[in-house]
Each structure stands twice: as C-alpha cells, then as structure tokens.
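Dear colleague,

Please find the structure below, followed by a short account of what was found in it.

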Amino acid sequence: MNALAQVPPEFLHALGTLRKARCRGELHLAEIPAPARLAPYAVALGAEVMAPGPGSAPTPVHGPAAMALAAASGTDDDGDTELATGRFILLHDPDGSAVWDGEFRIVTYIRAQLEPEMGNDEMLGTVAWTWLVEALENHKAPYRAAGGTATRVLSESFGTLADRPASIDIELRASWTPASSDVTAHLEAWSDMVCTFAGLPPLPDGVSALPRRRN
C-alpha cells in the first residue's frame, strides 16, 4: 500500500496549508527531520535570518548585527551574521490529546542574540511572549492552550577564548493548539516572529513580503 494513503486526510490538508504560507523574504525556510516521539505524525521546518549585504535589506533595529551593518554601509562586505534561528513543528494525533485540547499542536523554538543593554532588561521575557501573541493576533490565527518559556542565556569565554566578548541570547520555546487544520496563518505569524527576534522592522501596512526564492 502506498505510504501516503496511510496518512490521515486531516494531516495532509494541514501540510497543504503550510505550502500556501507567504513568509517574509528575509527568512530562509527549509524542511528538517521531525521528532519521532512527540506524535504519530509530524512535520518540522527550520528557519534562519542572516545579515544581508549593505543596502539589500532593512538594517536590524536590535542585536549585534544592527551596529555592524550600520558601520558597513557603503562597503563591499557581504556579511553572513546569523540574526535569528528557529524551528516550527506541526504535530498531529488523530486520537486527540487532552494536554493539547485538540488533534494538532504547534511547537516552536526561536533564538536570537541581543546587545547587552537589551539582554539585561528584566522585561525581556514578557516582551518575547508579547511578540508571539501579537504575531498570532495580527495574522488572525485562532489558537488555544498556548504556553511557553523565555530564557536569557549569558555566554562568557575564558582561557584561549577570553578575547571573545560576552553575549546574551534570548530563547523562546512555545506551543499552542491551532483552532483547525488550516495552519497557513500560523506559519506566517511565526515567520514574522522570527524576523522580529532578528531585529527586522515590521513590514509597512499594505506592503507584502516577497515570495521565497525556490532553490
């Protein structure tokens, strides 16, 4: 029997809606191996936002790359600094889950490096969670049973690496249950969220993101 025929139609429909998502052009999105033990059916996407060459995209409004790109303006430096990275995982259990309060669950992870001043802000975790909630609301992505954890990670180097400056990362781990198997808006909201973590300014009203280039 064809393996595809064994996949529940609800999950196939959800996969189709993911393909319809129009994510921001600054986001490099690709399918990655999905975790095998979280649900009977799963798909995972990995994303990263890299610092572009000067003049090719908006300068980040926060993060170490913001100052670096501003200083590099007018130079030939292409730049390859990672501004943010993340994972988007869609889980499906046809039998449903009392913990999820549904048959689908979206699990996400986002990480970005911040400048020390912003990283030391006691409200940073609250701000990170607000970015998630506002992204879902702005894209009209109905959800329930949302939860998450925001973590600040301080990295210091010693010995032969002592010359490296200390850095502070923000990590957000979150999950929520979409109201239906149509998860297009949820992926688009998450795409905006990763770009927000990267420090990219929001798109102006009435301006659409460029479609992702297919490799």
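In strand S3 (82-97), Arg87 is the bridge partner of Gly46. The model is predicted, so local features need pLDDT of at least 70 and side-chain atom pairs count only at pLDDT 80 or more, while totals for chains, interfaces and linings use all residues. Residues are numbered from 1 along each chain as its sequence is written, and side-chain values use heavy atoms, with hydrogens and water left out.

S2 and S3 run antiparallel and are joined by ten bridges; two strands pair if DSSP finds at least two bridges between them. S3 and S4 are likewise antiparallel, with ten bridges, and Phe88 has Thr108 in S4 as its bridge partner. Four residues lie between S3 and S4 in their hairpin, where Asp101 in the turn has a positive phi of about 65°.

Helix H1 (residues 9-19) has the buried residues Phe11, Ala14, Leu15, Thr17 and Leu18. Seen down the axis of H1, these fall within an arc of 160°, so they line one face of the helix; the arc is that of the directions from the helix axis to the C-beta atoms. The exposed residues Pro9 and Arg19 sit on the face turned away from the buried side. Buried means under 20% relative accessible area and exposed over 50%, with partly exposed in between (1.4 Å probe, protein chains only).

Overall, the protein chain has five helices and six strands; helices (H or I, at least four residues) and strands (E, at least two) are DSSP runs, numbered from the N terminus. Of its 215 residues, 41% count as buried.

With kind regards
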